[in-house]
Amino acid sequence: MCQEIIHVYLMPGMAASPKIFEYIKLPENQFKIHVLEWIIPLEKESLNDYALRLSKNIKHNNIVLLGVSFGGVLVQEISKHIKVRKLIIVSSVKSIHELPRRMLIAKATKAYMLIPTQLASNIDAFAKYAFGSNVTKRLELYKKYLSVNDSKYLSWAIKNMICWNQDKYNLEIIHIHGDSDNVFPIKNISNCITVKGGTHIMIINKYKWFNENLPQIILDN
């Protein structure tokens with residue numbers, strides 16, 4: 001009797017390409033990895049409608065859905081449209097109560113409306129916004145992984161991240177978070193699996209942890 005293959009769909013973070021998952025390897029006799037990609041939002045498209053549209057790219061049933069950062073927010077919205085076997089977020093947030101103070105201020109003042117035009121043409125500015133102020137020495141790394149520079153997408157993504165209004169989250173969600181995340185500080189995060197030394201980009205530089213632990217996390221009931 002053949003073992004059931006579990007289909008695992010991965011969603012990258014804001015403006016990031018699927019290359020962020022290039023080192024993620026799961027046992028091929030148990031899992032099949034599929035990567036999702038960002039699409040350009042329609043005019044005034046809500047996050048919920050965007051999630052429904054992107055969900056059409058998921059071709060299997062009873063999947064594992066994993067999202068990183070803003071991709072973690074998106075997979076939570078996708079899971080409201082399709083049945084998932086397991087929902088996993090990495091370096092992300094589960095509700096408005098986990099957003100950092102600077103994002104709450106940006107929402108209240110609508111400061112996010114002033115950011116995107118500068119970011120669209122300036123990878124340095126966007127990298128600092130997405131990953132924190134200490135990225136300059138590793139900018140080439142981020143240039144490799146940040147692939148979406150469409151100003152319409154960036155404006156939409158930043159607004160929907162900062163203005164996300166989920167108050168209560170799915171209690172079955174699995175949240176993996178680094179204790180050194182400078183975008184979503186661990187002090188604001190509850191009910192998570194903590195990765196020691198994990199930063200906001202730990203899906204890239206802590207890939208060995210994920211390769212060792214994800215299979216059991218997925219298989220655990």
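Guide: Setting aside neighbours within four places in sequence, Tyr153 is in contact with Met14, Ala15, Trp38, Ile39, Ile40, Pro41, Tyr50 and Val148, where contact means heavy atoms within 4.5 Å. The model is predicted, with local features needing pLDDT of at least 70 and side-chain atom pairs counting only at pLDDT 80 or more, while totals for chains, interfaces and linings use all residues. Residues are numbered from 1 along each chain as its sequence is written, and side-chain values use heavy atoms, with hydrogens and water left out.

Tyr153 is also listed, with Trp38, Leu65, Phe70, Leu74 and Met161, among the residues that have the most contacts inside the largest nonpolar core, which has 40 residues. Such a core is a set of buried Ala, Val, Leu, Ile, Met, Phe, Trp, Tyr and Cys residues joined through side-chain atoms within 4.5 Å; buried means under 20% relative accessible area, exposed over 50%, and partly exposed in between, with a 1.4 Å probe and protein chains only. Helices (H or I, at least four residues) and strands (E, at least two) are DSSP runs numbered from the N terminus. A second, separate core of 26 residues includes Ile20, Leu66, Met202 and Leu214.

Leu214 is also one of the buried residues of helix 9, together with Phe210, Pro215, Ile217 and Ile218. Helix 9 bends by about 40° at Asn213, and Pro215 follows within four residues; the bend is the angle between axes fitted to the seven residues ending there and the seven starting there. Helix 9 lies across strand 1, strand 2, strand 3, strand 4, strand 5 (174–178) and strand 6, running at about 145° to strand 4, with axes fitted to C-alpha atoms, for helices over the stretch in contact, and angles from 0 to 180 degrees between N-to-C directions.

The 6 strands form an open sheet in the order 2-1-3-4-5-6 with parallel pairing, two strands being paired if DSSP finds at least two bridges between them. Strand 2 (31–35) and strand 6 (193–195) are the edges, each pairing on one side only.

Finally, Gln76, found in helix 2, is buried, with a relative accessible area of 4%. Not counting residues up to four places away in sequence, Gln76 touches Leu87, Ile89, Val93, Lys94, Trp164, Gln166 and Ile173.
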